[in-house]
Amino acid sequence: MNEILLGIDPREQSIPALVWAADEAVRRGLALRLVVAVPPAHDGLRYDAFAHQSALLLRAESAIANAEDLVRELHGGLRIATERVNGVPATVLRDMAEHAALVVVGSRRLGRAAEMFSESSVVVPLTARADCPVVVVRAPEHSAVHPPTLVVGVDGSESSRAAVAFAVEEASVREARLRVVWVWPRSFLAHDDEEKGLVERRRLLTESVAGWAERYPDVAISEEVLRGHPVEQLALASQESLALIVGRRGRGGYSGMRLGSTVHGLLHRAMCPVITVPLPQREGRVGDPAWADRSRSRPTDRPRPADPLGTGERRPPRGTVRREDESGPSAGFTER
């Protein structure tokens with residue numbers, strides 16, 4: 001868990017995503033791995049398919065080299081590794097996420113149909129299935145707003161408690177305040193007891209953040225209950241935020257449905273980076289402050305492969321992914 005993974009899109013590299021990932025690696029004292037995935041050719045016997053694949057490989061090499069040069073200009077002392085992998089991009093990044101602290105990707109703002117069914121879609125399938133938090137940088141963070149603020153959406157669920165655990169640590173790392181928001185949808189029922197419902201949700205909101213102020217006394221935590229549609233209210237809150245953090249439901253089912261309508265809507269409408277936090281894999285750690293230490297650069301009690309920066313073997317990704325055996329600046333696990 002000692003690296004941040006950045007997915008490089010050879011067709012349209014997201015500079016905000018690259019900058020976000022590099023800055024976060026420096027803040028957390030982690031290495032940064034730049035990964036570009038080249039989708040397989042559908043018909044390897046046709047000349048045009050071969051030419052198309054060759055062009056993709058050249059574009060991938062150029063994209064990852066340019067990304068590395070930019071990162072080195074931003075942070076000369078940052079540990080960087082580069083890797084080119086053959087496979088469907090979402091599958092490659094999902095498999096590599098098992099051993100990463102964070103995965104960062106940009107957004108090409110595909111339509112909903114393309115996000116669901118296109119082979120080039122990365123955001124939805126990766127966010128729905130990755131084992132670590134996924135950062136989607138669709139818009140830059142609002143760093144000029146003072147005081148710097150992170151927003152986390154909660155609803156009392158197990159997944160939102162995991163999001164709070166991550167959000168508090170992130171706020172501490174950034175020296176930012178944390179705004180914890182519970183959005184209460186308006187009821188169409190005439191007999192809805194507004195005051196009673198508000199008191200109950202404030203109580204549940206307080207329970208969601210209980211214990212974190214004591215563990216992170218440097219973080220100013222505010223609690224708010226807002227009325228309205230969750231996507232609309234959280235998107236408004238994102239307009240002056242460094243990032244918007246939300247929890248992800250459990251695994252199972254179709255990837256687009258697994259995200260839930262709120263997370264899926266925020267990936268389209270939030271005006272800052274969106275960080276989606278999955279449930280911890282180990283039982284009994286949701287809401288446990290120790291879970292927030294997952295992304296810190298120190299040993300953990302979880303088994304992991306040898307050094308992912310190239311000094312040892314690492315379990316290869318599953319499915320269609322395979323490593324490039326050729327030599328070169330972007331092949332294998334070469335550290336620059």
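# Close-up views of the predicted model

**View 1. D9 is buried, with a relative accessible area of 17%.** Here, buried means under 20% relative accessible area, exposed means over 50%, and partly exposed lies in between, using a 1.4 Å probe and protein chains only. This is a predicted model, where local features need pLDDT of at least 70 and side-chain atom pairs count only at pLDDT 80 or more, while totals for chains, interfaces and linings use all residues. Residues are numbered from 1 along each chain as its sequence is written, and side-chain values use heavy atoms, with hydrogens and water left out. Which residue forms a salt bridge with D9? The partner is R11, and the closest N and O atoms are 3.4 Å apart. A salt bridge is a side-chain nitrogen of Lys or Arg within 4 Å of a carboxyl oxygen of Asp or Glu. R11 is partly exposed, with a relative accessible area of 44%. By this salt-bridge rule, the count comes to 16.

**View 2. R84 forms a salt bridge with E61.** The closest N and O atoms of this pair are 2.3 Å apart. R84 lies in strand 3 (residues 80–86) and E61 in helix 2 (residues 47–74), so the pair ties together parts that are 23 residues apart in sequence. Helices (H or I, at least four residues) and strands (E, at least two) are DSSP runs, numbered from the N terminus. At 4% relative accessibility R84 counts as buried, whereas E61, at 22%, counts as partly exposed. L57 also belongs to helix 2, and it counts as partly exposed at 26% relative accessibility. Leaving aside residues up to four places away in sequence, L57 touches V38, R84 and N86; contact means heavy atoms within 4.5 Å.

**View 3. R179 forms a salt bridge with E224.** Their closest N and O atoms are 2.5 Å apart. R179 lies in strand 7 and E224 in strand 8, so this pair ties together parts that are 45 residues apart in sequence. At 19% relative accessibility R179 counts as buried, while E224 counts as partly exposed at 23%. Elsewhere, salt bridges that share partners join E24, R27, R28, E141, E169, E170 and R174 into one network.

**View 4. Strand 5 (residues 134–137) pairs with strand 4 and with strand 10.** Two strands pair if DSSP finds at least two bridges between them. Strand 4 (residues 102–106) runs parallel to strand 5 over 4 bridges, and G106 stands opposite V137. Strand 10 (residues 274–277) runs antiparallel to strand 5, joined to it by 3 bridges, with V135 opposite I275. Which way do the side chains of strand 5 point? V134 and V136 point one way and V135 and V137 the other way, and all are buried.

**View 5. Strand 4 also pairs with strand 1 (residues 3–8).** These two strands are parallel, with 3 bridges between them, and I4 stands opposite L102. In strand 4, 4 of the 5 residues are buried, so it is largely enclosed by the rest of the structure.

**View 6. The side chains of R33 and E3 are joined by a polar contact of 2.9 Å.** A polar contact is a pair of N or O atoms within 3.5 Å; within protein, one must be able to donate a hydrogen and the other to accept it, and residues adjacent in sequence count only if both atoms are side-chain atoms. R33 sits in strand 2 (residues 31–38). Is R33 buried or exposed? R33 counts as buried, at 0% relative accessibility.

**View 7. In helix 7, the buried residues are G197, L198, L205 and S208.** They cover an arc of only 100° around the axis, which puts them on the same side of helix 7; the arc is that of the directions from the helix axis to the C-beta atoms. On the other side, E195 and K196 are exposed. What covers the buried residues includes strand 6 (149–154), helix 6 (158–174), strand 7 (177–184), helix 8 (212–215) and strand 8 (221–227).
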